[in-house]
Amino acid sequence: MRLSELLAALPAITARAGDADPEITLITADSRQAAPGALFVAARGGTVDGHRFIPEALARGAAAVVGEALPSPLPPGPSTFVQVPHSREALAWLAAAWHGFPARRLVMIGVTGTDGKTTTATLIHSILTAAGLKAGLISTVGAVIGDEVLDTGFHVTTPDAPDLQGYLARMAAAGFTHGVLEVTSHGLHQHRATACEFDVAVVTNITHEHLDYHKTYADYRAAKARLFQSLTTAARKPGVPKTGVLNADDSSFPYLASLRTEKTLSYSLKPGASFTAHDIRFEPDGVGFTAAGPGVEFPVTTPLVGAFNVSNCLAAIAATVGALGVPPEAARRGIAALTGVPGRMERIDLGQPFTAIVDFAHTPNALRRALETARAMMASAERSLNAPAKPARVIAVFGSAGLRDVEKRRLMAETSAELADLTVLTAEDPRTERLDDILEMMAFGARGKGGVEGETFFRVPDRGEALRLACRLARPGDIVLVCGKGHEQSMCFGVTEHAWDDRTALRAALAELLGVPGPEMPRLPTAAN
């Protein structure tokens with residue numbers, strides 16, 4: 001593709017040096033990937049400024065450079081230099097143009113929020129599939145394109161713009177009609193989701209998270225709002241109104257409702273919203289309710305547990321039935337068909353006399369909802385004929401990541417001290433921070449809510465040993481709830497990712513306890529020799 005064709009996609013160009021219009025062979029923001037004919041985009045990151053690597057990209061044969069600041073003086077040679085207001089925004093539009101603007105050939109649904117994004121996006125995908133539509137999904141768990149599931153990388157929710165546009169191009173080329181994308185605040189702020197041309201924007205909730213990056217809740221909320229603001233400028237598709245789907249039960253509702261979209265739908269567990277639920281029935285193996293919306297009312301059953309999943313189901317119904325006109329029967333079948341999402345309240349059963357669950361909850365709000373759901377499950381079991389001889393307990397195991405929002409360490413420990421009977425504090429991606437310091441901050445929070453170390457809460461730096469302890473402490477009827485990692489496949493110590501899967505590790509701990517065959521416990525740097 002000619003450089004001029006690509007540059008035509010940019011929303012703004014500040015300056016240009018060089019009149020050449022070379023044939024571009026690839027677009028990259030990594031100077032190490034530059035090659036003859038490459039278009040190198042110099043982007044600023046949190047710790048690295050890509051402008052430093054312009055000479056390396058040129059030495060490798062880059063034919064053109066796009067950046068926020070042009071080299072001065074300009075290096076000699078045939079390369080063309082283009083200055084733009086924002087390199088990452090430019091990268092997204094260039095990637096979209098390179099792939100022929102695939103989002104314009106798809107009905108695009110974006111799901112943002114602090115908690116529940118993956119489940120809600122997956123529910124939407126399941127409903128669209130049940131309706132007979134060809135839909136792709138890009139979420140924290142991976143990219144789903146037909147029968148193919150692609151890994152999108154470590155600790156990644158929204159892939160970088162070139163990868164994301166590549167996934168969308170594969171969907172469009174395969175004849176897909178719809179794309180569902182889980183979108184983070186980072187992905188919105190860093191323009192990873194720019195040029196995705198959304199038609200439906202959905203929010204689950206906006207609570208305390210990522211303040212290490214956004215600094216204030218207002219800035220965090222504003223980053224989420226970019227998804228809804230993008231509806232006003234995205235390419236229009238015939239018969240698809242630009243629709244915002246808002247959670248009327250969340251504190252973000254008044255702010256997001258003030259943003260103008262062509263159509264706005266709301267959902268709530270209480271009357272008064274566009275889509276609501278009544279006759280809600282909580283059972284140990286799922287939830288049943290009646291969904292009601294404009295001109296529709298139908299029964300819903302889901303194997304997903306907890307009140308928060310009723311809310312997630314309503315969000316998915318509003319996005320599909322309400323925004324896209326999907327038949328209610330398809331919504332009912334799609335929700336019932338989704339038996340679970342990897343690492344979201346996922347049960348691990350090796351025949352132990354207690355319940356073991358892995359969940360991704362890594363924010364104070366998500367941990368609270370997971371613990372409340374565990375207590376509701378336990379109460380339901382106690383009402384049955386299988387009630388244990390001793391009162392059942394909830395045993396929570398979790399940590400808090402290094403180089404991330406410091407305040408949530410205390411908040412999460414306080415939440416567990418209030419709602420769990422026993423708490424085991426352990427490692428969760430400490431990165432370059434001292435794990436002992438992180439655990440002390442969490443212990444401080446537990447003590448502040450009356451926790452007694454050695455009695456109601458424990459500090460176990462090695463996550464494998466923490467799982468072993470929780471399983472040893474568990475009595476028949478108890479619930480062991482392991483939170484924070486969910487589906488993730490690694491844990492970061494220093495700058496190294498070590499293989500780790502909570503589900504594998506919990507199976508290993510259970511197998512050791514029961515004396516049955518099972519996987520070997522993964523080893524982390526904290527493991528004893």
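Q: Which residue in β22 does Val 397 stand opposite?

A: Val 397 stands opposite Val 482 in β22. Before the surroundings are described, please note that this is a predicted model, in which local features need pLDDT of at least 70 and side-chain atom pairs count only at pLDDT 80 or more, while totals for chains, interfaces and linings use all residues. Residues are numbered from 1 along each chain as its sequence is written, and side-chain values use heavy atoms, with hydrogens and water left out.

Strand β19 (residues 394-398) and strand β22 (residues 479-483) run parallel and are joined by four bridges; two strands count as paired if DSSP finds at least two bridges between them. The names follow DSSP runs numbered from the N terminus, with helices (H or I) of at least four residues and strands (E) of at least two. Both strands belong to an open sheet of six strands with mixed pairing, in the order β17-β18-β22-β19-β20-β21. At the edges stand β17 (346-347) and β21 (457-459), each with a single partner strand, so one side of each is left without a neighbour in the sheet.

Helix α14 (residues 435-448) packs on this sheet, where it touches β19, β20 (422-425) and β21, and its direction makes about 170° with that of β21. Helix α16 (residues 502-514) also packs on the sheet, touching β17, β18 (355-359) and β22, with a direction at about 160° to that of β18. Contact here means heavy atoms within 4.5 Å, and the angles, which run from 0 to 180 degrees between N-to-C directions, come from lines fitted to C-alpha atoms, for helices over the stretch in contact.

Turning to charged side chains, Arg 409 forms a salt bridge (a side-chain nitrogen of Lys or Arg within 4 Å of a carboxyl oxygen of Asp or Glu) with Glu 433, the closest N and O atoms being 2.6 Å apart. This pair links distant parts of the chain, 24 residues apart, since Arg 409 lies in helix α13 (residues 407-419) and Glu 433 in the loop between β20 and α14. Arg 409 is buried, with a relative accessible area of 0%, whereas Glu 433 is partly exposed at 23%; buried means under 20% relative accessible area, exposed over 50%, and partly exposed in between, with a 1.4 Å probe and protein chains only.

Asp 437 forms a salt bridge with Arg 434, again with closest N and O atoms 2.6 Å apart. Asp 437 is partly exposed at 35% relative accessibility, and Arg 434 is exposed at 52%. Salt bridges that share partners also join Glu 440, Arg 447, Glu 453 and Arg 459 into one network.
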